[in-house]
Every structure is written in C-alpha cells, then in structure tokens.
Amino acid sequence: MPPRIRVAESYEAMSAAAAEAIARRLAARPSLRLALPTGHTPIGLYRRLVELTRQEGLRWDRARVFLLDEYLGLGPDDPGSFRRYMDEHLLRHLDPAPAVDALNGKAADPEVECARYEQVLAREGLDLVVLGIGRNGHIGFNEPGSPFQSRTRVVTLTADTRRANAPDFGGDPEAVPPRALTVGIATILDGKEIFVLAAGEAKAPAVERAIQGPLDPAVPASALQRHPKVTWFLDRDAARDLDDLPVPPRAPSPGRVSGVGPRA
C-alpha cells in the first residue's frame with residue numbers, strides 16, 4: 001500500500017500532528033509497544049506529546065518504549081547518549097513513566113548486546129515505529145548501503161552523519177563516536193505501523209528519493225516502500241521536492257495540517 005503523506009505548513013504543526021497520532025494510538029492501546037528516535041527533528045514531537053499527556057491525562061504505565069540506536073562507547077548517563085536525550089526530552093516528564101529498553105553502548109560485548117535487543121524486540125513486537133530521516137536517507141543508524149534484511153547490529157557512521165550530529169558534541173565531528181548500535185532495517189519493517197518525520201528543506205532530497213525513488217540500499221529509507229502502513233509527517237519545506245502534492249501555503253492559519261493521499 002502506498003504511504004500516507006501529511007504535509008504541514010510548519011515544523012510545529014508537523015510535530016503536533018505526529019504527537020496527536022501517537023496519543024491516539026496510546027489511548028486505543030495502553031500497552032502500546034513503540035520505538036522512538038532521537039535527533040533534532042523529534043524534539044517538537046516530544047514537547048507536544050508531553051503537553052497532550054498532561055492535558056488529556058494519557059497514561060504510559062502499561063506502555064513500553066524502545067530506543068532505536070545508541071553510540072558505541074556511551075553509557076546512559078553520558079550527556080551525548082541517546083538514552084540521556086530521551087530522558088530529558090520525554091521520559092522524565094511522564095508520570096507514571098513507561099517501561100524503557102535501550103541498547104547499551106557500553107556493553108562488554110556489543111554483538112551480544114545487539115542479539116539481546118533483537119530477541120527482546122521479537123518477543124515484545126512493535127506496534128509503532130517512529131523514525132526520522134537523515135540527509136543521506138538513513139533511518140536509525142542504518143547508513144547508505146545497509147542491507148534491507150539487516151537486523152540489530154554494530155555499524156560505522158558516515159562522515160556526513162558525524163558532521164550532522166557534531167552540534168551535540170561541541171561542534172566537532174571528530175568528537176562524535178565513529179560507531180554505533182542500531183536496530184536494523186528488517187527489524188524496523190517488522191513493526192505493525194511506521195511514522196516518519198522530516199522537517200526543513202535540507203531533508204527534501206532524501207524524502208523525495210525515499211518516497212518516489214526506486215528501492216535502493218543507497219537510500220535506506222526507500223525500504224519503507226515495502227511496508228504496508230507508513231505515514232510520513234512533513235513540513236512544507238521537507239515536502240518541497242515531492243510531485244503532485246498540494247503543499248499548504250506558508251503559515252496563514254497556524255496549526256493546520258493537510259492530509260494528502262498517496263501519490264500515484
């Protein structure tokens with residue numbers, strides 16, 4: 001089934017639309033199993049999700065959250081770790097908090113840690129996987145060239161990804177850990193439903209190649225074309241390169257989101 005594409009007029013509207021969709025999934029299934037991303041794009045989503053939790057009395061105590069990836073060598077208390085990021089932006093604001101599982105970047109044997117995580121994900125099952133997309137089309141830390149059948153594993157990050165993440169490490173790409181642990185593409189595709197967030201014109205080429213280009217391991221996000229239930233949440237700049245989409249005008253009425261059917 002082609003993906004559903006929702007184009008919002010702004011980053012905040014895109015974030016709100018995604019948060020509201022997650023809140024609806026949680027309300028319908030309190031024991032929701034969901035995988036969540038880190039990075040700059042989801043920050044607005046988490047901010048709105050915390051607001052919705054407080055406003056609507058959402059309960060997370062039966063839910064379980066899985067993190068998609070982690071830097072190799074960083075523990076959960078390291079300021080640059082993804083576990084620390086998730087605590088700061090979402091988890092510590094939820095009371096009661098959901099159960100959380102994450103890859104341990106400081107595991108004595110990273111390969112064993114990846115196998116453990118893969119087994120947990122297979123046992124629990126993921127109802128919803130939320131993703132961002134890198135400028136080079138990566139999802140999780142599945143860099144270009146990642147096999148579509150890949151599972152949770154240790155990977156080497158590209159120079160592009162390390163440059164993009166450098167602001168979290170004092171602006172120095174060399175300070176970004178060169179390796180990471182990530183949930184694989186096949187593991188992501190095992191999820192029952194997938195949301196993808198993208199904002200800003202820098203993401204537009206990757207979004208276009210992922211949605212309208214051919215299946216290509218050079219664009220890991222193109223593997224999502226194989227999944228039957230994917231929704232893309234885009235701001236108008238990220239949707240810039242897509243054909244035949246009625247992209248909403250810039251900010252005439254804050255908060256409006258255009259639901260758009262799949263492209264032929």
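Let me start with a word: a residue is buried when its relative accessible area is under 20%, exposed when over 50%, and partly exposed in between, using a 1.4 Å probe and protein chains only. What we have here is a predicted model, where local features need pLDDT of at least 70 and side-chain atom pairs count only at pLDDT 80 or more, while totals for chains, interfaces and linings use all residues. Residues are numbered from 1 along each chain as its sequence is written, and side-chain values use heavy atoms, with hydrogens and water left out.

I begin with helix 3, residues 82-89. Helices (H or I, at least four residues) and strands (E, at least two) are DSSP runs, numbered from the N terminus. Which residues of helix 3 are buried? They are F82, Y85 and M86. These residues lie on the same side of helix 3, because they cover an arc of only 95 degrees around the axis; the arc is taken from the directions from the helix axis to the C-beta atoms. The buried residues of helix 3 pack against strand 2 (33-36), helix 2 (43-56), strand 3 (64-67) and strand 4 (69-71). Contact here means heavy atoms within 4.5 Å.

Now the open spaces. On a 1 Å grid over the protein atoms alone, a pocket is an open set of points with protein on both sides within 12 Å along at least five of seven lines, a cavity is a set where a 1.4 Å probe fits but cannot get out, and lining residues have an atom within 4 Å of a point. Grid points are joined across faces, edges and corners, and a volume is the space filled by probe spheres set on the points.

Helix 3 turns up again in the second largest pocket, where it gives the most to the lining, with 5 residues. That pocket has a volume of about 210 Å³. It is lined by 15 residues, and P79, G80, S81, Y85 and D168 are the closest to its centre.

The largest pocket holds about 620 Å³ of space. Of its 28 lining residues, I133, G134, H138, N165 and K203 lie nearest the centre. Helix 5 (159-164) gives the most to this lining, with 3 residues. By class, the lining has 12 nonpolar, 11 polar and 5 charged residues. Ala, Val, Leu, Ile, Met, Phe, Trp, Tyr, Cys and Pro count as nonpolar, Asp, Glu, Lys and Arg as charged, and the others, Gly among them, as polar.

How many cavities of 30 Å³ or more does a search of the whole structure find? It finds 1. The volume of the largest cavity is about 60 Å³. Helix 7 (204-212) and strand 10 (230-235) are the elements that give two or more residues to its lining. Among the lining residues are M1, P3, H227 and W232. The lining has 8 nonpolar, 2 polar and no charged residues.

Strand 10 also contains T231. T231 counts as buried because its relative accessibility is 8%. Not counting residues up to four places away in sequence, T231 touches R4, R6, I194, F195 and V196.

Last, D127, in the loop between helix 4 (110-124) and strand 6 (128-131). Is D127 buried or exposed? At 10% relative accessibility, D127 counts as buried. Leaving aside neighbours within four places in sequence, its contacts are R29, S31, L32, R33, K192 and E193. S31 is 96 residues away from D127 along the chain, with 9.4 Å between their C-alpha atoms.
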